Amino acid sequence: NRSAEYVLLEKDAANYVGMAKAYRDYLLKEQGVAPAADQTPKLSLNLFGGILREEIIGDTFIKMTTFKQAQDIIGKLKASGVTDIVATFDGWTKDGVYGTQPQHKVARQLGGKSGLESLVKYAQEQNVELYLKANYVKPFEQTGKYSERKDAVRGMDRELLVGTLYWPSDRWARNGFTFHYLKPERVLDQYVSKQVDDFAKY
């Protein structure tokens, strides 16, 4: 048998916040759910390194946030009183966010390996959680840094599954940028296991 319980909210509590509080009380008092020990929110800091801009002849790497600038941003946040920071760095690899994947080489335009090492060291000194975003799921076809025949997922018709990138501004398809989906076992055996030692240096 199933039953439904109705909780009537009145006046200032008759809103989404009131509903959330009522459900929280229900979980704590009737279901015995224990509250989290540490409920202090952390600041989620998303850093964007760089991206390739298509030109008539060749491409140009556009720097958005260098490793030194990322260090300065963290320092200013700390100086302003922000204590708990979780930072995620995207586009830190060669050719930026759509660059060499699933191989991950540090972009020299952002400061190179030494710049990244300095950033990691600084983050550790400041007790900041720093994560480097890595794309092992759907690398872009144009990078040519993986084997389509061995690594990419195929459909029931045995053809490669191909996805299309969309422009963030208007959601129109970027036909020049397509990506494949990688097989999990190939990712683990051929890429992650071989790169983990390099990442451990940071």
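Two strands are said to pair if DSSP finds at least two bridges between them; strands (E, at least two residues) and helices (H or I, at least four) are DSSP runs, numbered from the N terminus. The structure is a predicted model, in which local features need pLDDT of at least 70 and side-chain atom pairs count only at pLDDT 80 or more, while totals for chains, interfaces and linings use all residues. Residues are numbered from 1 along each chain as its sequence is written, and side-chain values use heavy atoms, with hydrogens and water left out.

**Stop 1: the hairpin.** Select residues 50-54, strand β2, together with residues 59-63, strand β3; the two run antiparallel and are joined by five bridges. Within this pair, Leu-52 stands opposite Phe-61 of β3. Four residues lie between the strands of the hairpin, and Gly-58 has a positive phi near 75 degrees.

**Stop 2: the sheet.** Next, display β1, β4 and β5, which form an open sheet of three strands in the order β1-β4-β5 with parallel pairing. β1 and β5 (129-132) are the edge strands, as each pairs on one side only. On average, neighbouring strands here are turned by 20 degrees against each other, direction ignored; axes are lines fitted to C-alpha atoms, for helices over the stretch in contact, and angles run from 0 to 180 degrees between N-to-C directions. Six bridges link β1 and β4 in the parallel sense. Leu-43 can be found opposite Ile-85 in β4. In general, strands of a sheet pair through backbone hydrogen bonds.

**Stop 3: helix α2.** Now select residues 67-79. Which residues of α2 are buried (under 20% relative accessible area, with exposed over 50% and partly exposed in between; 1.4 Å probe, protein chains only)? They are Phe-67, Ala-70, Ile-74, Gly-75 and Leu-77. The face turned away carries exposed Lys-68, Lys-76 and Ala-79.

The cover over the buried residues of α2 includes β1 (43-48), β4 (85-90) and α3 (112-125), where contact means heavy atoms within 4.5 Å. α2 lies across β1 and β4, at about 160 degrees to β1. After the helix comes Gly-81, with a positive phi near 105 degrees.

**Stop 4: Thr-178.** Finally, select Thr-178 in strand β7 (residues 173-180). Thr-178 is buried, with a relative accessible area of 12%.
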